[in-house]
Amino acid sequence: MSTMRLRRDPRTERAAHRIDGTARPRFDLAAAAETTGGRLRRNPRAEVERMLVAGTSRRRLDRSQRSVSTPLHIAAPAETAAAPRLIVIEEPAFLVAVVPDAPGGRLTPHDRQMIGAARLLAEKGGAVLALLAEPCEEIGPAGADRVLLVEASTGYDPEGRSASIAMAVDGLGVRHALFPESVDGGDIARRVAADLGEALFAGAESIAANAVTRASRGRRVEQRRAPPRLISLAADAALPYAGAPREARALQDDPMPTVPTRRAILAAEIIPADPARVPLGEAGFVVSAGNGVTDFDGFRAVAAALGATPGASRVVCDAGLMPRAAQVGASGTVLEATCYFALGIAGAPQHLQGIARCEHVVAVNTDLHAAMIERAGLAIVADAQKVMPALLAALECETETTA
Amino acid sequence: MKVTVLLSAGLHPVSGRPCPAAVELQAIRLAHTLGTPELTGLHAGPAADAVRDALGQGLPRLLWLETAVEDDPLAGLVAALATDRPDLILAGRQAQGADDSGLLPYALAKALGLPIIADAVAIEPAGEGAVHVVQALPRGARRRVTVRLPAVVTVHPAAPTALPFAFAAARRGTVERRAGQAALRSGAAIDERPYRKRPKLIAKAAAGASAADRLKAATESAAGGGRLLVDPAPDEAAREIIAHLRELGVLRR
Ligand SMILES: Cc1cc2nc3c(=O)[nH]c(=O)nc-3n(C[C@H](O)[C@H](O)[C@H](O)COP(=O)(O)OP(=O)(O)OC[C@H]3O[C@@H](n4cnc5c(N)ncnc54)[C@H](O)[C@@H]3O)c2cc1C
């Protein structure tokens, strides 16, 4: 015979949760559910509460399950917004160096992507070290844990700069060093590779902790391997870092010493681009005319006075009022400009595609409801025909006062 | 002036058949802008059929260092250039059909102890023993660098287009064949597979953001969320625009 099975006595269990001091019998069954070691139960109400998106007037649920188990408190988002938590890595297991171009101490989008890629390589306990030519404030929020100044001697001296970077990469035992495959970044990367006598994985098009790939043999073959020490990263191959800001602590108190070079470069001067002749796709500032512009001599004068490259919408190019090479949009040129100034352009989807990558847009249009007005950072509802001469006059007046 | 142009075994970007790399033909043209230099082409590789076409596009003489397929061309090139001692060594910015890393001119300059200037679009003589090299920078800007010779200069695709092909010149040109140096390529074996185009990663919203953030970012780019001025006087509009452009830093004056 078997021993007798232990049996539950629901009546005494229930009696244990009875709330004293009330005339009618009352039981605290919520506490009961937690204490009895029985089957785990879902609480759908609490789950929904956890999915609630804070800060919207309409009730919205985020079902992506990314937001982890912190139930919604109204005060919580305000706290985090006030002081974003700084991520500190005290004792990194290894270093991943990045060498941003950072012209004038400002990171380019390509630099940010590269730091994002470095974060992928530094995932398991590593720290990202930025080797900078000049101090840069944005580097911590962009994702760098450490910074080190490697100053080249004055003027254009890529040889000196690459020699000090090579010294830093070698001396600090950096596991990976990333460069942007840009004009100056690619040059420095190859110089460092030659200095270290190592191969460079040039123009990586995808990057992860276990493999990098690049095109070779005239883009017919894809090379793939575990990430080597020196990598240069093509543009738009990685996403920029989007997490909480990093510490950007100085690795040493004083910058890397400069390495004496032969100084074969006797002089260097920058020749600024002539905006009237730069290809539209390369231009940094484009002024564009649409169907709302009738005075094209005036328009060209405005473009010249602003120092901008002239562009146009398709209607204008079809009418032969501007050359076809000036057409902006899906069937024309896709711009890379920092600023786009649209005069009398409605903002058709085909046109907006061409300016999707422009950071700043200024629009002048008579129609308050034009899509271009909505897209613009500074939108002016006025007659372009009257604004253009006013612009010319204002610019002329400024040059007179400064002269 | 003695000028040597490094020629690689290129593949045509469309047909994939052997042909000289376009940017190296542009380098030959740049060499011609330096007056009448003593111009030589230098190629190391198993065959010279592809680069021979360069003889029709402005190159009078080609020196071919014959090596096996698996040899690293660097050692042979360094030896040849060390004995020949040209004043200026021109190369393309990147090969087109080999490893395409653009590293060879740098390794060569290091081995020869010469300075290297990248991305030239023009070269002008600058008195005795120096040249002005105009470099291509992004956004159409240029940088004029004065460098002491001898030097290595790589050429950018924005340089003037190559000279037209002339059949008679191609027949006249000479190819000198020499034995190259056997040198095994260093470096780890790399896995190779047919090329697959990868989508460009454009950060619309920050990676890892919640769905709500992504939606916000997607709709925000359509609406600049900027300032709107309705029917201002033209002068006021002009002042606002100039002030705004100046704030963005695009107005130079
Ligand atoms: C397959 C296809 C491809 C296309 N590709 C392109 C392309 O690459 N690029 C392109 O631009 N278009 C392209 N288009 C055409 C596009 O759809 C639009 O027709 C075109 O962009 C409209 O140009 P617009 O804004 O200058 O002219 P309109 O649509 O006529 O707009 C004129 C605007 O000017 C305003 N205006 C009028 N008078 C004044 C004034 N005095 N002062 C100020 N504002 C004034 C009006 O309010 C209006 O908003 C394409 C179309 C198709 C079908």
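**Close-up views of a predicted model**

View 1. A polar side-chain atom of Asp383(A) sits 2.6 Å from a nitrogen atom of the ligand. The protein covers 69% of the 980 Å² of accessible area that the ligand has on its own. Accessible areas come from the Shrake-Rupley method with a 1.4 Å probe. His351(A) also takes part: one of its polar side-chain atoms is 2.7 Å from an oxygen atom of the ligand. Val328(A) uses its backbone, with a polar atom 2.8 Å from a ligand nitrogen. A polar contact is a pair of N or O atoms within 3.5 Å.

This is a predicted model, where local features need pLDDT of at least 70 and side-chain atom pairs count only at pLDDT 80 or more, while totals for chains, interfaces and linings use all residues; side-chain values use heavy atoms, without hydrogens or water. Residues are numbered from 1 along each chain as its sequence is written, and chains are lettered from A and ligands numbered from 1 in the order written.

**View 2. The shell around the ligand.** The ligand is surrounded by 24 residues, each with a heavy atom within 4 Å of it. Among the closest are Ser313(A), Ser331(A) and Ala346(A). The shell holds eight nonpolar, 13 polar and three charged residues. Asp, Glu, Lys and Arg count as charged; Ala, Val, Leu, Ile, Met, Phe, Trp, Tyr, Cys and Pro as nonpolar; the others, Gly among them, as polar.

**View 3. A sheet of six strands.** This open sheet runs β14(A)-β13(A)-β15(A)-β16(A)-β17(A)-β13(B), with parallel pairing. Strands (E, at least two residues) and helices (H or I, at least four) are DSSP runs, numbered from the N terminus. Two strands pair if DSSP finds at least two bridges between them. β14 (309-312) of chain A and β13 (227-230) of chain B stand at the edges, each with a single partner strand, so one side of each has no neighbour in the sheet. Four bridges join β16 (360-365) to β17 (378-381), both of chain A. Here Ala363(A) stands opposite Ala379(A).

View 4. β9 (221-225) of chain A pairs with β12(B) in the antiparallel sense over four bridges. Glu222(A) has Arg193(B) as its bridge partner.

Methods. A polar contact is a pair of N or O atoms within 3.5 Å; within protein, one must be able to donate a hydrogen and the other to accept it, and residues adjacent in sequence count only if both atoms are side-chain atoms.
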